Amino acid sequence: MTKAHIQASRTPAEIVEMPASARVVPISQGRKPMVEISKLYKSYGPIEVLKGCDLVVERGEVVVICGPSGSGKSTLIKCVNGLERFDRGALAVDGVAVGDRASDMTSLRARIGMVFQHFELYPHLTVLQNICLAQVHVLKRSKVEAQAKARALLARVGLPDKEGAYPAQLSGGQQQRVAIARALAMDPVAMLFDEPTSALDPEMIGEVLAVMLELARDGMTMIVVTHEMGFARKAADRVVFMDKGAIVETASTQQFFDEPRAERAKLFLSRILSQ
Amino acid sequence: MTGLDFGVIQRALPFLLEGLALSFFLTAVAMLGGVILGLGLAVIRLSRWKALSILAAGYVNGFRAIPLVLVIFWFYFLVPLALGRSVSALQSVVIAFVLFEAAYYSEIFRAGLQSIRPGQWQAAYACGLGYFQTLRLVVLPQALRNMLPLMITQAVVLFQDTSLVYVISLRDFMTSASIVANRDNRLIETYLFAALVYFVICSIGAASASRLSARWRPA
């Protein structure tokens, strides 16, 4: 039996009495996993970018996906919210089958937050408007309600005084934190991060990772494509290593860093950690 | 300069202004209709529906391959046939201009929409916005800024092209000037004045286009 099943069999009172661990992970309480990917295949013309990927992410779990560039990491997480289509296999998020014509992808996407490598803030809108746009037009929140939510989140990501700024007036690190706030404003059940710090100057990486770390500690389900091994060590429950479109290794964070099994993962780790 | 008499302009001014009003009216209607229809054509052309996309491309390339004067002429004869009743020259020319300009504005929109990087669409989709919401709230506001100088330039060309309505005996500014010039036998004065009017109006348009493109250069 997994830890999740044991936890699910307890009564609420017993859970409260449990010793508070450093990190509270509300792992699937008898419910389906947050993300279930099985045998996922995708090709761009003759090039096969995903070769039968399997991955299950439990509720509250933080999974880091790493691997060399071109290994299919970004494609895999973009399949999760349907930004990329896949050719074969099955993918379900929060019980909703992705890629099924009957599934309401728009409402599923509204419940999954995504943060992009190049931030992708809307350049013609202010920070506040960026965070309010989907709240108002997708969740149908009132402007007042949306703005209150936006301001609270801006405070949380450490940018309370930037609501009137346009994206071009912010540093990369600030833009990415706004992008995180924009995603969080939708009250997502899970967050996807596609190389969130790859486009940042080194001195700005820390501020973005700090926000992500706090999010992980709050129990958010996260799938993070990143080369930041320090973040993986601190925040991830599991690390997935991808190479050439295949998931080569899936291991608990400690196991991955202490004794990676796959040769390619060892090589990758030794290269990236020696930098 | 002894022979010149610019009094002819003053005397003919109400007549000339009537012509100018038609030129402005045609420009405004053709621009408005052309922009709306052109946006639709561009969206269809960039859509996933292959058959519709090819039809839209055919429309655009077809109209752009024919001189406007021919389109005006044809529509004058074809529209009554198509509708089964007679229409005024003005009605037929309005339809011709709108359909013709739509082809050009469609190309401007297509370039404008394609100037927005795919990440913007993805970011909007990822927040749960639908296709038309993304178009309206995220992509078009940015694309319009990139497009506005080109749209104004196109309007300037359009304004000059309204002179072509002489082929179906409508009286725009150029045709009015021509009538006055011949009637009063004051060709040099009238055509100088006509050139000046076109020059001033089109220069204002061109200047505002270059000002806008300077102000909105992408950050």
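Author: A patch joins residues with over 30% relative accessible area and no salt bridge: like charges within 9 Å, nonpolar side chains (Val, Leu, Ile, Met, Phe, Trp, Tyr) within 5 Å. A salt bridge puts a side-chain nitrogen of Lys or Arg within 4 Å of a carboxyl oxygen of Asp or Glu. Areas are Shrake-Rupley values with a 1.4 Å probe, and for residues only the protein chains shown count as cover.

The model is predicted: local features need pLDDT of at least 70, side-chain atom pairs 80 or more, while totals for chains, interfaces and linings use all residues. Residues count from 1 along each chain as written, chains are lettered from A and ligands numbered from 1 in written order, and side-chain values use heavy atoms, without hydrogens or water.

Reader: Which residues make the nonpolar surface patch of about 460 Å²?

Author: B:Phe6, B:Leu187, B:Ile188, B:Tyr191 and B:Leu192.

Reader: What makes B:Tyr191 partly exposed?

Author: Buried means under 20%, exposed over 50%, partly exposed in between. B:Tyr191 has 31%, so it is partly exposed. B:Tyr191 sits in helix α8 of chain B, residues 187-215. Helices are DSSP runs (H or I, at least four residues), numbered from the N terminus.

Reader: What makes A:Arg88 lie over the face of A:Tyr41?

Author: NZ of Lys or CZ of Arg must be within 6 Å of the ring centre and within 35 degrees of the ring normal. A:Arg88 is at 4.1 Å from the centre of A:Tyr41 and is listed as over its face. B:Arg183 lies over B:Phe15 likewise, at 5.7 Å.

Reader: Why is B:Ala96 called buried?

Author: Its relative accessible area is 0%, under the 20% limit, so it is buried. B:Ala96 is in helix α4 of chain B, residues 89-114.

Reader: What is the mean pLDDT of chain B?

Author: It is 90, and 97% of residues reach 70 or more. pLDDT is the predictor's confidence in each residue, from 0 to 100.

Notes:
Helices (H or I, at least four residues) and strands (E, at least two) are DSSP runs, numbered from the N terminus. Buried means under 20% relative accessible area, exposed over 50%, partly exposed in between (1.4 Å probe, protein chains only).
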